[in-house]
Amino acid sequence: MAALVLAATGCSSGTTGTTGTPGTPGTPGAAADTKGMDPGTVAVQYSTALFSGQFTRASSFVLPRERGVLKVLFTGMTNSSVRAQDLAVGAVDVGAGSGSVVLTGKMCSSGVIPKGATVQPRQNEKCVTNHRRDTSDPAFHVAVCKTSGKWYVCFPRFDEAMRKGSASTSTGKAAPSPRSSH
């Protein structure tokens, strides 16, 4: 689960600590008004919401056509299964309509804790920390895409996998695993 959570992270020019009611996992929200926001701010706002357990708010920073991906990523997550500290923008590398934002800070996730369990909330927690603004660690990279003049978090590898999956169903042949290219 930690790998899925970390694959879904983002950056911003601020630190963690937003308030609000956590969203329902897997329920895509309406688009956040990202007009005028730079890619780093969008990435950090997304990540801050995600690691605060505000899943509906997090989904509002995602490219609208890709919000369905979050249903898979957020399944089984609760606001107590993820947290982050001191998330901030590292390096920002954007071109004509797409790019990547590096986050700095600490991100943690734990297994799903059943309701009524007597386990300490952070007992099985796994954390990763990054202090390098130019890290190559993919857990701290957030893909961003610009559409209609607004920046959003996007999932280009999921789009690629979906296209390959669609091609495999039409040909009757299995598409190669997205991991096989690494």
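Here are some numbered notes on the structure above, starting with the ground rules.

1. Bear in mind that this is a predicted model, where local features need pLDDT of at least 70, side-chain atom pairs count only at pLDDT 80 or more, and totals for chains, interfaces and linings use all residues. Residue numbers run from 1 along each chain as its sequence is written, and side-chain values use heavy atoms, with hydrogens and water left out.

2. Overall layout. The protein chain has five helices and five strands, where helices (H or I, at least four residues) and strands (E, at least two) are DSSP runs numbered from the N terminus. Along the sequence the order reads α-α-α-α-β-β-β-β-β-α.

3. Surface and contacts. The accessible surface of the protein chain is about 9700 Å², with 53% of that belonging to carbon and sulfur atoms; areas come from the Shrake-Rupley method with a 1.4 Å probe, and for residues only the protein chains shown count as cover. Of the 182 residues, 37% count as buried. Here buried means under 20% relative accessible area, exposed means over 50%, and partly exposed is in between (1.4 Å probe, protein chains only). Take the contacts (heavy atoms within 4.5 Å) between residues at least 6 apart in sequence: 74% of them join residues at least 24 apart.

4. The core. A nonpolar core here is a set of buried Ala, Val, Leu, Ile, Met, Phe, Trp, Tyr and Cys residues joined through side-chain atoms within 4.5 Å. The largest one has 29 residues, and Tyr 46, Leu 50, Phe 74 and Phe 155 touch the most other members. Several elements supply at least two residues each, including helix H3 (55-59), helix H4 (69-74), strand E1 (82-94) and strand E2 (98-109). Helix H2 gives the largest share, seven residues.

5. First disulfide. The search of the whole structure turns up two disulfides, meaning pairs of cysteine sulfur atoms within 2.5 Å. Cys 108 and Cys 127 form one, with their sulfur atoms 2.1 Å apart. This pair links distant parts of the chain, Cys 108 in strand E2 and Cys 127 in strand E3 (residues 126-130), 19 residues apart. The link is right-handed, with 110 degrees about the S-S bond.

6. Cys 145 is joined to Cys 154, S to S 2.0 Å. This link is right-handed too, with 70 degrees about the S-S bond, and both Cys 145 and Cys 154 are buried. With the bonded cysteines numbered in sequence order, the pairing comes out as 1-2, 3-4.

7. Strands E4 and E5 run antiparallel and are joined by four bridges; two strands pair if DSSP finds at least two bridges between them. Thr 147 has Lys 150 in E5 as its bridge partner. Two residues lie between the strands of this hairpin, and Ser 148 takes a positive phi near 50 degrees.

8. Leaving out residues up to four places away in sequence, Asp 93 touches Ser 98, Gly 99 and Ser 100.
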